[in-house]
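Subject: A structure for you to look through

Dear colleague,

Please look at it first, and then read on for an account of what was found in it.

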Amino acid sequence: MIEKKYFQRLFVTFGFMVVLSDGVQAQNQAKPIDDITNNNCKSSSMTSNSKTKAAKTLNFGDHTIYYEVRGDAENTLVFIHGWTSSIESWKFQLDAFSDYKVIAIDLPGNGKSSKHEESDYTMELFADSVNAVLTEEKVAKAFFFGHSMGFSVVEVVAQKYPDLCVGIGSIDGAHFELPDDERARKEWVEFNRSFAESLTEEKGRDEFINALFLPDTPNLLKEEVFEMSRQVPLIIGRSMITGVEKDMKYWAKRTMDIPCLAIHSPVYQLTEEYKKDFKAMYPQVEYHEIDNVSHFLMLEIPYKINQIIHDYLKKK
């Protein structure tokens, strides 16, 4: 059994939403949906049917990307799911923003997208796949929201494709910052590898995801999260973790002066020092903390999350 304090270190040091600072530890072609392979996901109902949903696939290198488009407004919102998840994690958000074109993507290896167990699943690969979808949809600029590891994908998009990104949103998102100290950086890498090694069996997946819930998280939500995760082979989930190390060039200390919305649950027990460092990196950040909610807050309290996003976008 993985010790509870291991997960506490995960939250504080590796983090899906963590800063590790010094001394602290394709030819593209859209196809009809019927052509996609590896599609054994169940469909979940939306909160409304106010927009026509276009379900599409896109060839991207060796991968087939599944994504959905709603609306045809001038301004675009893009929603990126987290580790071993899918578009379904955003099911309460996708019809909630009628003034925007909304795009949600199953990252390669996740959801209804193709799953090649021999591939390397890095944040840069995911960011490139997002760019491919927006190029296919002729979207020149968008505001990106990422949940959990999806936010680290968004951060790579913002760095690699800055002209595409008008702003970013972290929904309890993964955020990495490498230490300057060589010894601390080595410890960072070793910890990342040890976490990946804990995911060699399904027991490791179960213990990790369970650590992201609170004691009173509804069982129905837990079941839904596990159902989404188990659609992704664990070897791919492990590759997503090791991929963080392969993308270290994106985790250097940096300042990104772009609009940023951050919404956090209490799961990671983030420190004031973390918040200060995050605000230093994103000077324009609007920071929200919500008590008594799990890591999957967009599913658990969708109206509150949607209202915060709506109010933020209205100001922009």
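**What was found**

The protein chain exposes about 13,600 Å², and carbon and sulfur atoms supply 46% of that surface. Please keep in mind throughout that this is a predicted model. Of the 316 residues in the protein chain, 60% are buried, and its secondary structure comes to ten helices and nine strands.

Helix α10, which covers residues 302–315, has 14 residues and reaches 20 Å from its first C-alpha to its last, close to the 20 Å expected at 1.5 Å a residue. Within α10, the buried residues are P302, I305, N306, I308, I309, Y312 and L313. They cover an arc of only 160° around the axis, which puts them on the same side of α10. On the other side of this helix, Y303, K314 and K315 are exposed.

Helix α3, residues 149–160, has twelve residues that should span 16 Å at 1.5 Å a residue, and the 17 Å between its end C-alpha atoms agrees with this. How many of the twelve residues of α3 are buried? Ten of them are, so the helix is largely enclosed by the rest of the structure. The buried residues of α3 are M149, G150, F151, S152, V153, V154, E155, V156, V157 and A158.

Rolling a probe the size of a water molecule over the atoms shows where empty space is left. The largest cavity has a volume of about 120 Å³. It is lined by 17 residues, of which W83, T84, S85, V225 and F296 are the closest to its centre. The elements that give two or more residues to this lining are α5 (202–210) and α6 (219–230), and α6 gives the most, with three residues. Sorted by class, the lining of the largest cavity has nine nonpolar and eight polar residues, with no charged ones.

The second largest pocket has a volume of about 210 Å³. Its lining is formed by N75, T76, L77, Y100, K141, A142, F143, V166, P259, L313 and K316. Two elements, β4 (76–80) and β6 (142–147), are those that give two or more residues to the lining of this pocket. The residues of the lining divide into seven nonpolar, two polar and two charged.

**Two residues with a positive phi**

Most residues other than glycine have a negative phi, and most peptide bonds are trans. K138, although it is not a glycine, has a positive phi of about 60°, and this residue is found in the loop between α2 (123–136) and β6. D172 is also a residue other than glycine with a positive phi, in this case near 50°, and it lies in the loop between β7 (165–171) and α4 (182–197).

**Loop residues and their partners in space**

F92 lies in the loop between β4 and β5 (101–106) and is partly exposed, with a relative accessible area of 21%. F92 and Y303 are 211 residues apart in sequence, whereas their C-alpha atoms are 8.2 Å apart in space; Y303 is one of the exposed residues of α10.

K253 is found in the loop between α7 (234–246) and β8 (260–264), where it is partly exposed at a relative accessible area of 39%. Between K253 and E177 there are 76 residues of separation in sequence and 5.9 Å in space, C-alpha to C-alpha.

S198 has its place in the loop between α4 and α5, and at 17% relative accessibility S198 counts as buried. S198 and R238 are 40 residues apart in sequence and 8.8 Å apart in space, again from C-alpha to C-alpha.

With best wishes

How values were computed. Residues numbered from 1 in each chain as written. Predicted model: local features only at pLDDT ≥ 70, side-chain atom pairs only at ≥ 80, totals over all residues. Heavy atoms only, no water. 1 Å grid on protein atoms, 1.4 Å probe; cavity = no way out; pocket = protein on both sides within 12 Å on 5 of 7 lines; lining within 4 Å. Points joined across faces, edges and corners; volume = space filled by probe spheres on them. Helix = DSSP H or I, 4+ residues; strand = E, 2+ residues; numbered from the N terminus. Nonpolar A, V, L, I, M, F, W, Y, C, P; charged D, E, K, R; others polar. Buried < 20%, exposed > 50% of the residue type's maximum accessible area, 1.4 Å probe, protein only. Areas by Shrake-Rupley, 256 points an atom, 1.4 Å probe, with all protein chains shown as cover. Expected span 1.5 Å × (residues − 1). Arc of directions from axis to C-beta.
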